[in-house]
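Please examine the sequence and the model shown below before reading on. The paragraphs that follow lead through the structure step by step.

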Amino acid sequence: MSASRPPRACRSARERMPLRHYGALGPSEAEALQSHLESCRACGREWEEVRRVLAAVDPATVFPGEAGVDWRKFTRMTVERALAAGRETRPKGRDALRRFFSSWPAVFAAPARVAALCAAVVVAALVLGSWLRPGGTRTARVPASGGEAGIVPLTPLLESAHVMEDRLARRGAARYLSDSRALLVNLVGATARCRRTEGRYDIALEKEKSRQLLRRKNLYEGDLLALEDQRLATLVRQLESVLMQVAALDDCTPARPIHDLREEIERRQILLRIDLVTRELRGRADVV
Amino acid sequence: MEEDDFALMQGVQSERPGAFEALVERYQRRLYRLAFGYLRHHEDALDAVQETLVKIYLARRRYSPRAHPFTWASRILANQCIDQIRRRRVRGEEPLDQAREERPGHDAVLLVSPEKTPALQERRELGRLLKQAIFTLPPRQREIFMLRHFGEMRLEEIASARGCALGTVKSSLHRAAAALRDYLARADPAFRDRAPEEETP
């Protein structure tokens, strides 16, 4: 026979039990619950059960892996990665503007800031216009209606910002490729023997490095694609496949998978192509 | 006295030396537990936490103190975990199973080897049972439970992070606690004797 439905007061008390465990009840609610528990045996037992279950679900029991992690090392690695990523990420235009604004004293209200910026743009345009007009060096001047002073278009300024972005993206890509190359060279030529098992290779470091490179690639995928370089895109895709294979190997891996990877690297001439593409990226990054 | 999370996040935004490191130290374990709740895999959870913290650093200037920093971090983490799950599906990787889940300590770079004692075995068995119980909860209920129990977030913050009413958070916690109790009573009648006795604060 099923148990009869508990009275309303008991249902309400039971709904509040987990909240009591988490200290999320207000003083009056906590007091009301306490007095109910003292007067109702069934709810008293229920509270003991809930409390016991929630206390048992402690992180150390549920996530045994957590205790085994060297969190100091993890912190260090995370901070290093974040700082490196911060150095490599070029500041976005919107962020730069926001930083510019936020550096202004708070006494300037937002509309005042916008008005000041507009005024600065107009002044800059007039100054540039008056500077360029006498020599006639710029033919792209837009005549103002009424034939008075012209305004120099901002396109050249935007173009130079675009060129700079392009250069930074190329440098980042070149760095990514040369780091990947160093890893592959190590894998192809100088893999350390595993101390634990005869005939196996210790690739724990290469695995970790592969993971880092994959993360970097994911983080900067947009920048790489923005370069619209088909050769680079194909190379990065093939490189990603090799890095994923390395990351999936055991720390102490047999010779066969390493041999297969070496064959793939040689067959696709990945090292040679990395050299060519990197050289081209570096050359173009220096020229533009 | 320990600096509060908002002040710490402000320190990260203004690039105060050591602020980001302190934030990583403070959040990494809580984020790991939440990530584990989504991914059910130790190494994937560590990867997700690291990615999330790097993203937090890169997006630090976009943070607005309207939300608690951990609420903001938990949203980034949830998106990161969803991305990882999606990528896993696209790449046709093996589905998550108990065997993979029970393989902590695989990553030699980050992990130290645990001791193997009878007490540890028993603890592991209890952990396995509790994990099973948690993963039988419906996804939304489980998420809310994980955010409160392991993420130690306030109920209002959970409601804000998950975009639901405060009442939903409260009722989900109640249902989750009842479901866990029922599951454990069914799966292991001796649980009552094994569970801790001490009073919680």
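How many helices and how many strands are there in chain B? Chain B of this predicted model contains 10 helices and 0 strands. Read from the N terminus on, its elements therefore form the series α-α-α-α-α-α-α-α-α-α. Chain A is built from 14 helices and 3 strands.

Two further figures describe each chain as a whole. In chain A, 36% of the 288 residues count as buried, and in chain B, 49% of the 201 residues count as buried. Contacts may also be sorted by how far apart the partners lie in sequence. Among contacts in chain A with a separation of 6 or more, 68% join residues 24 or more positions apart. The corresponding share in chain B is 65%.

Helix α3 of chain A covers residues 41-56. Its 16 residues, at 1.5 Å a residue, should span 22 Å, and the end C-alpha atoms are 23 Å apart, which agrees. Helix α12 of chain A, residues 230-248, can be treated in the same manner.

In α3(A) they are A:C43, A:E46, A:W47, A:V50, A:R51, A:R52, A:V53, A:L54, A:A55 and A:A56. In α12(A) the buried residues include A:L232, A:L235, A:V236, A:L239, A:V242, A:L243 and A:V246; A:Q238 and A:E240 are also buried. An α-helix has 3.6 residues a turn, so residues three or four places apart point the same way.

B:E3 lies in the segment before α1 of chain B. Its relative accessibility is 28%, so B:E3 counts as partly exposed. Leaving aside neighbours within four places in sequence, B:E3 is in contact with B:L8, B:R16 and B:R26. The C-alpha atom of B:E3 is separated by 9.8 Å from that of B:A22, a residue 19 places away along the chain.

Further on, B:E15 occupies the loop between α1 (5-13) and α2 of chain B. The phi angle of B:E15 is near 55°, a positive value in a residue other than glycine. With a relative accessible area of 42%, B:E15 is partly exposed.

The crossing of α2(B) past α3(B) is right-handed. On the α2(B) side, the residues in contact include B:F20, B:L23, B:L31 and B:F36; on the α3(B) side, they include B:H42, B:L46, B:V49 and B:I56. By class, the residues of this contact of α2(B) with α3(B) divide into 15 nonpolar, 2 polar and 1 charged.

The axes of helix α7 (residues 139-149) and helix α9 (residues 166-187) of chain B come within 9 Å and cross at roughly 95°. That makes α7(B) roughly perpendicular to α9(B). From α7(B), the contact is made by B:Q141, B:I144, B:F145 and B:R148; from α9(B), by B:V169, B:S172, B:L173, B:R175, B:A176 and B:L180. The contact of α7(B) with α9(B) has 6 nonpolar, 2 polar and 2 charged residues.

Beyond its neighbours within four places in sequence, B:I144 is in contact with B:I158, B:C164, B:V169, B:S172 and B:L173. The C-alpha atoms of B:I144 and B:V169, 25 residues apart along the chain, are separated by 6.6 Å.

The loop between α7 and α8 (155-162) of chain B holds B:E152. B:E152 has a positive phi of about 55° although it is not a glycine. Its relative accessible area is 46%, so B:E152 is partly exposed.

Note on methods. Residues numbered from 1 in each chain as written. Chains lettered and ligands numbered in written order. Predicted model: local features only at pLDDT ≥ 70, side-chain atom pairs only at ≥ 80, totals over all residues. Heavy atoms only, no water. Axes fitted to C-alpha atoms, helices over the stretch in contact; angles between N-to-C directions. Helix = DSSP H or I, 4+ residues; strand = E, 2+ residues; numbered from the N terminus. Parallel < 35°, antiparallel > 145°, perpendicular 65-115°, else oblique. Contact = heavy atoms within 4.5 Å. Nonpolar A, V, L, I, M, F, W, Y, C, P; charged D, E, K, R; others polar. Expected span 1.5 Å × (residues − 1). Buried < 20%, exposed > 50% of the residue type's maximum accessible area, 1.4 Å probe, protein only. Left-handed = near helix turned anticlockwise from the far one by under 90°.
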